[in-house]
Amino acid sequence: MDYQFVKDIEGNVRVQMSMDHEVIGHWFNEEVNADPALLDEVAKAAATLKGTEQQWQHTGREYTIALSDDEVMVQANLLAISIDELDEGMSYYDQESLAFCGFEDFFALVAAYRQFCR
């Protein structure tokens with residue numbers, strides 16, 4: 001999972017992610033920029049889940065983040081459409097709207113993000 005941090009013209013930090021993980025960057029850019037305390041909430045939930053079979057989920061304005069004991073999922077809320085309504089032979093393209101990564105990779109990204117923001 002490759003990433004890059006940049007500052008936009010207004011000085012806001014933007015996260016650019018490698019292919020297959022773009023939605024994680026969008027989550028940072030939309031949800032975390034709007035509520036930086038969300039990173040602390042996610043870290044606290046991850047510590048609570050470690051070694052259990054429980055799950056945790058936070059639904060934001062545009063994206064939902066879900067944690068299990070060793071995996072992070074970020075999904076665009078628009079994916080809540082019914083896939084059953086698609087015509088036969090058609091599939092829904094969701095590569096830019098859904099991504100999974102391990103805890104270690106995700107929290108390495110969080111640490112790098114916090115470092116860059118300082």
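Predicted model: local features only at pLDDT ≥ 70, side-chain atom pairs only at ≥ 80, totals over all residues.
Local features require pLDDT of at least 70 and side-chain atom pairs count only at pLDDT 80 or more, whereas totals for chains, interfaces and linings use all residues. Residues are numbered from 1 along each chain as its sequence is written, and side-chain values use heavy atoms, with hydrogens and water left out.

The chain contains three helices and six strands, where helices (H or I, at least four residues) and strands (E, at least two) are DSSP runs numbered from the N terminus. Along the sequence these elements follow the order β-β-α-α-β-β-β-β-α. Of the 118 residues in the chain, 36% are buried. Here buried denotes under 20% relative accessible area, exposed over 50%, and partly exposed the range in between, with a 1.4 Å probe and protein chains only.

Helix 2 (residues 38–49) comprises 12 residues and extends 16 Å from its first C-alpha to its last, close to the 16 Å expected at 1.5 Å a residue. The expected span is 1.5 Å times one less than the number of residues in the helix. The buried residues of helix 2 are Leu38, Leu39, Val42, Ala45, Ala46 and Leu49. These residues cover an arc of only 125° around the axis, which places them on the same side of helix 2; the arc is that of the directions from the helix axis to the C-beta atoms. Lys44, Ala47 and Thr48 are exposed on the other side of helix 2. Ala47, located in helix 2, is exposed because its relative accessible area is 59%. The C-alpha atom of Ala47 is separated by 9.1 Å from that of Asp69, although the two residues are 22 residues apart along the chain.

Helix 3 (residues 103–117) has 15 residues and should span 21 Å at 1.5 Å a residue, which agrees with the 21 Å between its end C-alpha atoms. Phe103, Phe106, Leu109, Val110 and Tyr113 are the buried residues of helix 3. They cover an arc of only 135° around the axis, so they lie on the same side of helix 3. Glu104 and Gln115 are exposed on the face of helix 3 turned away from its buried side.

The axes of helix 1 (residues 22–34) and helix 3 come within 13 Å and cross at roughly 50°. Helix 1 and helix 3 are therefore oblique to each other, given that angles under 35 degrees count as roughly parallel, over 145 as roughly antiparallel, 65 to 115 as roughly perpendicular and the rest as oblique. The crossing of helix 1 and helix 3 is right-handed. A crossing is termed right-handed if the near helix is turned clockwise from the far one by less than a right angle, and left-handed if anticlockwise. Helix 2 and helix 3 pack at about 150°, with their axes 12 Å apart. Helix 2 and helix 3 are therefore roughly antiparallel to each other, and their crossing is left-handed.

Within helix 1, Ile24 has a relative accessible area of 0% and is therefore buried. The C-alpha atoms of Ile24 and Ala99 are 6.8 Å apart, although 75 residues separate the two along the chain. In the loop between strand 2 (13–17) and helix 1 lies Asp20, which has a positive phi of about 80° although it is not a glycine. Most residues other than glycine have a negative phi. Asp20 is partly exposed, as its relative accessible area is 41%.

The cysteines were also examined. A search of the whole structure identifies zero disulfides, a disulfide being a pair of cysteine sulfur atoms within 2.5 Å. Cys101 counts as buried because its relative accessibility is 7%, whereas Cys117 counts as partly exposed at 37% relative accessibility.

Methods
Axes fitted to C-alpha atoms, helices over the stretch in contact; angles between N-to-C directions.
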